[in-house]
Amino acid sequence: MKKILLAGKYPAGTADEFRAQLAGDGAEIVEATSQDALDASTDADAIVLRVLKASKGTLANKGKLKLICRWGVGVDSVDVPYASSRGIAVTNTPGANASAVSELAVLLMLAVGRNLMFHNRSIQNGVWSRTMFTDNAVSLNGKKVGIIGGGNIGRQVARRVQAFGAEALYYDVFRLAPETEKQFDLTFVPLDDLLADSDVVTLHVPLLDNNHHMLNAEKIALMKRNAILINTARGGLVDDKALLTAIDEGRLMGAGLDCVEDDPLPAGHPLLDHPNIVITPHVGGNTSDLGTVMVPMISDTLKKFLHGEKLKFVVNEKELSKQ
């Protein structure tokens, strides 16, 4: 019997759904809902990880551990080099949260473009703002949306903004195949051209060592006047201070941020108090119904692990093969 540890907080009933999916496969499902509980655990064979961190310190006392399954795409919460050195496979779930994240990205575009926070604050203060912000309101219809990252989420964003009448441009360090560009009606452009030509720029790439502040002051200065910036990917991709300056100076219309550099922001932080910036606490991939996609996908990985079969979506496969 292998012990599978669900680490983090999951939608209600998730543990039972895993038990049902893995019934008869020789798995015991246990839960650790806090970082302290995860750190103290020593006997798991596999971990399903959501929100919590799997640092070197967390993993050091887990001698039996052979697999970490991320509930999501990003693996920056896992010390992957250390896991690789220990022979621990790290998997993710590409595409599973693409619909949820892309929906939030479009929601933020609309909220900033239609001055949602201005109206909300005005009305809460007793001012019926029907005609106050009309000159500053924009729709997506007829606009160009520049998508940085042509993966699953970026493609879903393209589908959604096209439904609103927008044109989808994209940039990725790995250009998509021509048939994929045609399928999603995506036009590839160099990054600087995308920034200069887009009415909305939206980020959908992982945070890596080589793309920290990929949108720094210099890149933000290339953006179209009154453009909107959306980040539902990772804090650190955007220089938040440079972004705030650009908005304060009126060069950008505003921003929708599900990810910020200094997460969580303290009360009174200028990003929180700015009416042209809509902030959410990195919840793009967190919907209560996401388990209907995640649980079967991760269960398939766990079944392969339990039966000694080749795993899919292993992010450190190359490193493991060197051992």
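How many bridges pair strand 1 with strand 2, and in which sense? Strand 1 (residues 2–7) and strand 2 pair in the parallel sense over six bridges. This is a predicted model, in which local features need pLDDT of at least 70, side-chain atom pairs count only at pLDDT 80 or more, and totals for chains, interfaces and linings use all residues. Residues are numbered from 1 along each chain as its sequence is written, and side-chain values use heavy atoms, with hydrogens and water left out. Helices (H or I, at least four residues) and strands (E, at least two) are DSSP runs, numbered from the N terminus.

- Five strands form an open sheet with parallel pairing in the order 2-1-3-4-5; two strands pair if DSSP finds at least two bridges between them.
- Strand 2 (27–32) and strand 5 (89–91) are the edge strands, each pairing on one side only.
- Isoleucine 4 has isoleucine 29 in strand 2 as its bridge partner.
- Helix 1 (residues 14–21) lies across strand 1, strand 2 and strand 3 (46–49), and runs at about 165° to strand 2. Angles run from 0 to 180 degrees between N-to-C directions, and axes are lines fitted to C-alpha atoms, for helices over the stretch in contact.

- A second open sheet, of seven strands, has parallel pairing and the order 8-7-6-9-10-11-12.
- Strand 8 (187–188) and strand 12 (277–279) each have a single partner strand, so one side of each is left without a neighbour in the sheet.
- Strand 6 (residues 144–148) pairs with strand 7 (residues 167–171) in the parallel sense over five bridges; valine 145 has alanine 168 in strand 7 as its bridge partner.
- Helix 7 lies across strand 6, strand 7 and strand 9 (200–203), at about 170° to strand 6.

**Helix 5 against helix 7**

- The axes of helix 5 (residues 98–113) and helix 7 (residues 152–163) come within 8 Å and cross at roughly 50°.
- The two helices are therefore oblique to each other (under 35 degrees counts as roughly parallel, over 145 as roughly antiparallel, 65 to 115 as roughly perpendicular and the rest as oblique).
- Residues in the contact (heavy atoms within 4.5 Å) include Val101, Val106 and Met109 of helix 5 and Ile153, Val157 and Arg160 of helix 7.

**Salt bridges**

- The structure holds eleven salt bridges (a side-chain nitrogen of Lys or Arg within 4 Å of a carboxyl oxygen of Asp or Glu).
- One of them joins the side chains of aspartate 45 and lysine 64 (3.8 Å, N to O).
- Aspartate 45 is in the loop between helix 2 (35–40) and strand 3, and lysine 64 in the loop between helix 3 (56–59) and strand 4, 19 residues apart.
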